[in-house]
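Here is a short report for a reader meeting this structure for the first time. Look over the sequence and the model, then read on.

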Amino acid sequence: MKLFKCQSCGQVLYFENTRCERCGHLLGYLPPRDRMAALEPAKDDTWEPLLKDAGAVRFCANAALNACNWLVPADGVDRFCLACRHNHTIPDLGAADNMSRWQRLEAAKRRLFYSLLKLGLPLVTRADDPVHGLAFDFLADQPQASGPKVLTGHDNGMITIALAEADDAEREQRRAKMGEPYRTLLGHFRHEVGHHFWDVLVRDAGLLAECRAVFGDDTQDYDAALQRHYANGSPPGWQHGFVSAYATAHPWEDFAETWAHYLHIVDTLEMGAAFGLRVAPVVTTDDSLDVALDFDPYRTEAWDTIIDAWLPLTFAVNSLNRSMGQPDLYPFVLGPQVIAKLGFIHALVHGQVQRAVADAA
Ligand SMILES: [Zn+2]
Ligand SMILES: [Zn+2]
């Protein structure tokens, strides 16, 4: 994520802002320009961005529910923005707490789509492809406590996110019960969409052999593998080969976990670069921990540039968190095997795997 600026007064803005705190302009995110736009009222429910040649815009229909701040062209047919048109089911907003929880899911979803759009990944809605298109079911548990709980997961482009995960106490309880160092809404979105892009970029693109060479044989029975994982836990020493304990359950989970981390890394580095961060620890002359975030991680083709910046940055930010008595921002250790898996995701996202296969043919 980067920093934005109000075109009217220069105030620095967050991605979630809906009104400039300094000059009062309404704000919306304009995906094709990758800008937060300050808006002047135009006719009816349309707005004129204070951006050259942007054209008149309307808010996404979910803005009326305080669930979106993205814009669509005023002359277009889409009522929903590039992120919200992938919604398939939203919870009953009349039920207690559902509105605020859904709004939190939507905020995380927009950050997911920011990254997917930045990486230029293919985004196909369910309307355009009813079988494999990307869609979201945001589901609340049934009111009776004994009933089955909604399970977060992915099935052929359809991503289910349990609304209960938007309740901080509930999510923290689940995190502790599963022994996870990290559990967030954004993390759920990044993980589940990793399964979708395995379908699109690996299976449907004919790259199963290349992916199996890195993540292992995914033909092993998935349900049995998950049952085994929940019964026995992860093998000792898993940290050498996997980014998380859950990634050991099955190669599909390994791919999705690694994919999520790739998005964590690239997006956090972009924010570091937006602040002009530099890391150079003063206690050592060893310059392997020196880095200046002076590149765009979403566009950088060289994986080494990204990972060489990530390790010093996390060392620094984890140390800042510890000074505040907080858990590490990035509570993971990335060994060489895990870095190679992340490198495969990077190469896949940038079309490098695809080009290498085409060149070899
Ligand atoms: Zn302003
Ligand atoms: Zn929207």
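## Terms and model

Donors are N, O and S atoms within 2.8 Å of the metal. Water is not among the atoms, so sites may look incomplete. The model is predicted.

## Zinc ion (ligand 2)

Four cysteines hold the zinc ion (ligand 2) through their SG atoms: C60, C68, C81 and C84. The distances are 2.2 to 2.3 Å. Along the chain, these donors follow the spacing C-x7-C-x12-C-x2-C.

Why is the arrangement around the zinc ion (ligand 2) tetrahedral? The four donor atoms subtend angles of 105 to 112°, and four donors count as tetrahedral if all angles lie between 85 and 135 degrees. The ideal angle for four tetrahedral donors is 109.5 degrees. Both C60 and C68 are buried.

Is C6 buried or exposed? C6 counts as buried because its relative accessibility is 2%, and the cut-off for buried is under 20%. C9 has a relative accessible area of 25%, so C9 is partly exposed.

## The largest pocket

The largest pocket has a volume of about 1500 Å³. Its lining takes in 49 residues. Nearest the centre are M178, E180, R183, Y230 and Y246. By class, the lining of the largest pocket has 20 nonpolar, 17 polar and 12 charged residues.

Several elements each supply at least two residues of this lining: β10 (153-155), α2 (168-178), α3 (185-203), α5 (222-232) and α6 (251-274). Which element gives the most? That is α3, with eight residues.

## The second largest pocket

The second largest pocket holds about 690 Å³ of space. Its lining has 22 residues, of which Y182, L186, R190, T268 and L329 lie nearest the centre. Two or more residues of this lining come from each of α3, α6 and α7 (303-323). Here α6 gives the most, with five residues.

By class, the lining of the second largest pocket has 14 nonpolar residues, along with four polar and four charged ones.

Methods
Residues are numbered from 1 along each chain as its sequence is written. Chains are lettered from A and ligands numbered from 1 in the order in which they are written. This is a predicted model: local features need pLDDT of at least 70, side-chain atom pairs count only at pLDDT 80 or more; totals for chains, interfaces and linings use all residues. Side-chain values use heavy atoms; hydrogens and water are left out. Donors are N, O and S atoms within 2.8 Å of the metal (3.2 Å for Na, K and Ca); water is not among the atoms, so sites may look incomplete. Four donors count as tetrahedral if all angles lie between 85 and 135 degrees; four count as square planar and six as octahedral if opposite donors are over 155 degrees apart and all others between 65 and 115; anything else is irregular. Buried means under 20% relative accessible area, exposed over 50%, partly exposed in between (1.4 Å probe, protein chains only). On a 1 Å grid over the protein atoms alone, a cavity is a set of points where a 1.4 Å probe fits but cannot get out, and a pocket is an open set with protein on both sides within 12 Å along at least five of seven lines; lining residues have an atom within 4 Å of a point. Grid points are joined across faces, edges and corners, and a volume is the space filled by probe spheres set on the points. Helices (H or I, at least four residues) and strands (E, at least two) are DSSP runs, numbered from the N terminus. Ala, Val, Leu, Ile, Met, Phe, Trp, Tyr, Cys and Pro count as nonpolar, Asp, Glu, Lys and Arg as charged, and the others, Gly among them, as polar.
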